Amino acid sequence: MDDYDVVIIGGGPVGCITGENIKNGRVLIVEEHQSIGVPLQCAGLISKNGAKELGNPKGVVNKVRGAYICSKSNMVKIGNEEIRAYVFERKVMDKDIAIRAGKKCDFLLKAYGEIEKDKKGYKVKISHLGEKIYLNPEVVVGADGSKTITGKKLGLVNNKNREILSSCQFEMVNADCDDDFVYVFLDKRYSERFFTWIIPMGDDRVRVGLLDRGNCYNKLMKFINENETAKEILKNATITEFSSGSLPIGYLERSVKDNVLLVGDAACHVKPLSGGGLYFGAVGGKIAGEIISRYLNGEIDNLELYDKKWKEEFGNEIKNSLIIRKLFLKLKNDTLDEIIGKLKTKSELIDYINKYGDMDRQASLIIKVLKIFRFWMGFKILKDLL
Ligand SMILES: Cc1cc2nc3c(=O)[nH]c(=O)nc-3n(C[C@H](O)[C@H](O)[C@H](O)COP(=O)(O)OP(=O)(O)OC[C@H]3O[C@@H](n4cnc5c(N)ncnc54)[C@H](O)[C@@H]3O)c2cc1C
């Protein structure tokens with residue numbers, strides 16, 4: 001048990017993708033749950049490109065072509081004939097990725113991993129079925145999701161460099177909606193700091209959820225009971241699954257310390273505007289795998305290059321999205337409603353979004369759209385910001 005070169009704490013999709021991309025050395029993935037992929041904490045919406053980065057895993061239940069963006073009293077439809085994203089059954093997807101990783105890495109399930117400082121760097125203490133196991137790998141990966149005890153113990157993750165949002169989500173059957181489009185509700189009466197969604201899973205199944213602070217269950221029930229579009233879609237629907245979770249929004253200047261690096265949600269590799277973490281997670285996990293391989297074969301003498309490489313790939317996208325998110329948080333609900341109302345009338349702008357829209361690079365798109373908007377609402381928006 002003690003001859004592992006790498007120990008990955010967390011068997012989620014990003015921990016597994018990191019593991020499968022380590023080309024040399026023995027790798028152990030430690031997962032606290034008895035099975036990979038449960039409990040569910042995700043809406044399962046992934047861009048076509050994101051699915052490719054994840055290695056096109058199993059578990060697609062629906063394909064979508066765009067979104068209805070709904071505000072307090074307006075709705076605009078974005079999208080055309082082109083398939084933009086897939087809806088995944090996360091339990092199936094996560095298990096499939098883990099099966100792939102299992103061909104190269106060992107797993108230890110029902111095992112809780114913690115880093116401990118020692119003279120040379122960090123070692124790992126594992127609590128497994130009443131036993132304590134100590135390992136001294138060359139590299140430790142913190143793939144332990146949003147709660148990341150690893151990141152906190154390293155002092156890399158704190159309340160200043162990230163915000164944690166809570167979520168509540170139901171899977172419901174017998175819903176009546178357009179299966180080809182997701183519904184996004186930008187309406188602060190339900191979620192003040194994020195948004196609410198209805199995602200069609202096909203065959204009259206949907207996921208209905210929201211992310212925000214505070215009591216998200218009460219907020220979601222208010223949405224289901226009061227929002228006119230939701231009431232129409234869900235009038236005959238029944239809840240068949242309940243899930244809650246948390247999402248980190250932020251930017252870590254450093255995600256490497258000594259022989260430990262952070263990946264996925266632990267490293268805040270999440271899109272701040274949509275909450276999607278699987279695309280950046282997969283890209284970052286592959287980079288981590290490559291850097292660890294080079295470190296193990298002596299090509300580089302530390303892991304710092306990991307920070308440089310992921311920042312080159314998507315660091316600016318996260319930073320710019322955080323700035324746009326700050327503006328969003330200041331906007332009044334009525335202004336948001338007016339923006340959606342105006343957007344509805346600007347067909348050339350909708351065409352532009354349909355042509356250049358990229359689910360994985362939202363900040364870049366929003367900046368381009370704002371330029372085209374020519375700030376016709378600039379005054380109004382400015383008033384909210386002051
Ligand atoms: C409500 C909600 C909706 C979302 N919807 C989407 C979406 O539609 N599309 C999208 O791309 N992203 C979405 N996300 C984000 C996405 O779920 C995450 O970004 C993704 O799961 C991150 O993968 P990960 O492997 O980094 O972390 P996780 O999936 O959280 O996996 C971490 C793993 O580590 C394990 N673990 C934690 N601590 C320890 C420990 N000490 N020892 C052993 N094991 C440990 C956990 O049990 C877990 O299995 C959503 C998130 C939420 C909360």
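The axes of packed helices are lines fitted to C-alpha atoms over the stretch in contact, and the angle between two of them runs from 0 to 180 degrees between N-to-C directions. In this predicted model, helices α1 and α7 pack at an angle of about 30 degrees, with their axes 7 Å apart.

**Helix packing**

Two packed helices are described by the angle between their axes and the distance between the axes.

| Helix pair | Angle between axes | Axis distance | Crossing |
|---|---|---|---|
| α1 and α7 | about 30 degrees | 7 Å | right-handed |
| α1 and α3 | roughly 25 degrees | within 9 Å | left-handed |
| α7 and α8 | about 150 degrees | 10 Å | right-handed |

Angles under 35 degrees count as roughly parallel, and α1 and α7 are therefore roughly parallel to each other. On the α1 side, this contact is formed by Pro-13, Val-14, Ile-17 and Thr-18, which meet Leu-278, Gly-281, Ala-282, Gly-285, Lys-286, Ala-288 and Gly-289 in α7. Six of the residues in the contact of α1 with α7 are nonpolar, four are polar and one is charged.

Helix α1 also packs with helix α3, which covers residues 90–102. These two helices, α1 and α3, are likewise described as roughly parallel to each other. Here Pro-13, Cys-16, Ile-17, Gly-19 and Glu-20 of α1 meet Asp-94, Ile-97, Ala-98, Arg-100 and Ala-101 of α3. The contact of α1 with α3 comprises six nonpolar residues, one polar residue and three charged residues.

Helix α7 (residues 278–296) packs in turn with helix α8 (residues 305–330). Angles over 145 degrees count as roughly antiparallel, and α7 and α8 are therefore roughly antiparallel to each other. From α7, the residues Phe-280, Val-283, Gly-284, Ile-287, Ala-288 and Ile-291 meet Leu-305, Tyr-306, Lys-309, Trp-310, Glu-313 and Phe-314 of α8. Nine residues of the contact of α7 with α8 are nonpolar, one is polar and two are charged.

Strands of a sheet pair through backbone hydrogen bonds, either parallel or antiparallel. In this model, six strands form an open sheet in the order β8-β2-β1-β12-β19-β18, and their pairing is mixed. Strands β8 (106–108) and β18 (256–257) lie at the edges, each pairing on one side only.

Within the sheet, strand β1 (residues 6–9) pairs with strand β2 (residues 27–30) in the parallel sense over four bridges. Ile-8 stands opposite Ile-29 in β2. Helix α1 (residues 13–20) packs on the sheet, where α1 touches β1, β2 and β12 (139–142); the direction of α1 makes about 175 degrees with that of β2.

**Surroundings of the ligand**

The ligand is surrounded by 39 residues, and the closest are Gly-10, Gly-12, Gly-145, Gly-264 and Gly-277. Helices α1 and α7 are among the elements that give two or more residues to this shell, as are the strands β3 (45–47), β9 (111–118), β13 (162–173), β16 (205–212) and β17 (238–250). The shell around the ligand divides into 16 nonpolar, 19 polar and four charged residues.

**Backbone features in the loops**

Two loops hold backbone features of note. A cis peptide bond joins Val-38 and Pro-39, with omega at about -5 degrees; Pro-39 lies in the loop between β2 and β3. Asn-56, although not a glycine, has a positive phi of about 45 degrees. The loop that contains Asn-56 runs between α2 (48–53) and β4 (60–64).

Conventions:
Residues numbered from 1 in each chain as written. Predicted model: local features only at pLDDT ≥ 70, side-chain atom pairs only at ≥ 80, totals over all residues. Parallel < 35°, antiparallel > 145°, perpendicular 65-115°, else oblique. Left-handed = near helix turned anticlockwise from the far one by under 90°. Contact = placed C-beta atoms within 7 Å. Nonpolar A, V, L, I, M, F, W, Y, C, P; charged D, E, K, R; others polar. Pairing = 2+ DSSP bridges. Near = placed C-beta within 6 Å.
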